Amino acid sequence: MDFLRPTWVEVDLDALRHNLSEVRRVVGDAAILAVVKADAYGHGVDGVVPALVDAGVDMFGVALVEEGVELRRLGVRQPILVLGGVPPGGEAVILEHDLQPALSDLVVAGRLNAAARSAGRTVGYHLKVDTGMGRLGIRDDQLDEALPALQSMQNLEMVGLMSHLAVADEPERSFTETQCRRFRTVMGQVEDAGFNLTYRHIANSAGLFSRDLADYNLVRPGIVLYGGLTGPFFDQAVSQQPVMRFVSQIALLKQMSPGEGISYGHRFTTDRPSLIAAVPVGYADGYNRLLSNRGEVLVRGQRAPVAGTVCMDWILVDVTDVPGAQAGDQVTLLGCDGGECITAEAWAETVGSITYEVFCGISKRVPRVYKG
């Protein structure tokens with residue numbers, strides 16, 4: 001049925017396509033793996049993925065095996081890279097849905113090889129090498145041991161070699177060049193060991209706009225597709241458009257006298273006759289509780305402050321200075337109204353976070369509406 005709550009996320013697919021075109025402008029002939037993990041960074045895979053398929057992306061990247069299965073159920077036929085690898089028991093699912101895992105561990109590789117051998121199948125995978133992220137990946141100084149072991153696993157085929165950049169969103173830091181140099185060395189080692197690599201990739205969103213990609217033939221844009229790559233360098237390097245707009249409506253207006261407390265804990269007290277709007281959105285929807293008494297929303301194109309503690313299902317907004325405010329007025333929590341905008345960057349700065357968390361934090365109970 002159609003959703004009934006007057007709170008929703010609007011996803012602009014034209015903006016998504018524009019951001020993808022900016023990636024294409026920079027990377028030329030390199031293949032594009034669109035990262036759509038975490039429900040397309042909170043934007044909703046149901047609408048985002050078909051738009052990216054139609055736009056011609058070459059591959060998709062997810063974090064979990066379950067997310068890969070969801071893409072297959074949406075009809076995705078492109079290769080799907082499971083960035084988080086294969087959990088114990090996930091081998092059969094990898095085989096059934098033709099997923100390509102990133103492998104960082106010989107034990108996991110052995111399990112997958114055994115499952116593929118039992119099924120009479122060969123599984124393609126991307127070898128992940130740790131060049132300095134310190135998270136997943138085989139360390140580059142362990143390759144002499146790892147490569148012969150992988151070579152002996154006859155039911156696995158290395159189709160890609162990958163690593164991940166740790167500080168690419170800080171272009172002035174030289175460590176990214178160190179990682180790229182290490183990765184070039186690793187590519188030589190892998191090829192000398194007899195592996196024929198289809199894909200070589202290290203660049204995330206920040207990396208693809210800030211580094212020479214001549215040695216790599218696949219890039220992994222994520223946050224840039226959703227308009228969330230931030231920082232002065234990237235503001236100049238890429239023309240992004242925000243894809244997400246988060247909105248609600250005024251449900252009720254209440255006239256308050258000076259000196260009255262509002263919401264849990266009475267952390268806001270009126271200091272004048274005040275018009276307070278109740279808006280049906282809260283931290284259960286992803287409106288961060290740290291925005292209590294600090295956040296702003298847009299009503300009739302004007303900024304209005306959040307008054308008091310953000311509740312699970314409600315916020316209260318002081319609309320005293322918004323002429324004509326009334327029940328039913330749209331409330332913009334994230335996005336633009338008229339000439340004013342609440343950006344994900346500003347929201348993230350207020351709560352001490354990053355744009356990724358702002359997008360991913362919008363809960364599944366908030367309907368996504370797609371336009372474009």
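A contact means heavy atoms within 4.5 Å. Among contacts in the chain between residues at least 6 apart in sequence, 66% join residues at least 24 apart. This is a predicted model: local features need pLDDT of at least 70, side-chain atom pairs count only at pLDDT 80 or more, and totals for chains, interfaces and linings use all residues. Residues are numbered from 1 along each chain as its sequence is written, and side-chain values use heavy atoms, with hydrogens and water left out.

The chain holds 12 helices and 21 strands. These are DSSP runs, numbered from the N terminus: helices are H or I with at least four residues, strands E with at least two. Of the 372 residues, 52% are buried. Buried means under 20% relative accessible area, exposed over 50%, and partly exposed in between (1.4 Å probe, protein chains only).

Helix H3 spans residues 45-54, and its buried residues include Val45, Val48 and Leu52. Glycine 56 follows H3, with a positive phi near 90 degrees.

Now the aromatic rings. The structure has 5 aromatic pairs. Rings of Phe, Tyr and Trp (its six-membered ring) pair if their centres lie within 6.5 Å; planes under 30 degrees apart are stacked, over 60 edge-to-face, the rest tilted. Tyrosine 41 and tyrosine 356 form a tilted pair, 6.1 Å centre to centre with 35 degrees between the planes. Tyrosine 41 lies in helix H2 and tyrosine 356 in helix H12, so the pair ties together parts 315 residues apart in sequence. Tyrosine 41 is buried at 7% relative accessibility, whereas tyrosine 356 is partly exposed at 37%. Ring pairs link Tyr41, Tyr226 and Tyr356 into a cluster.
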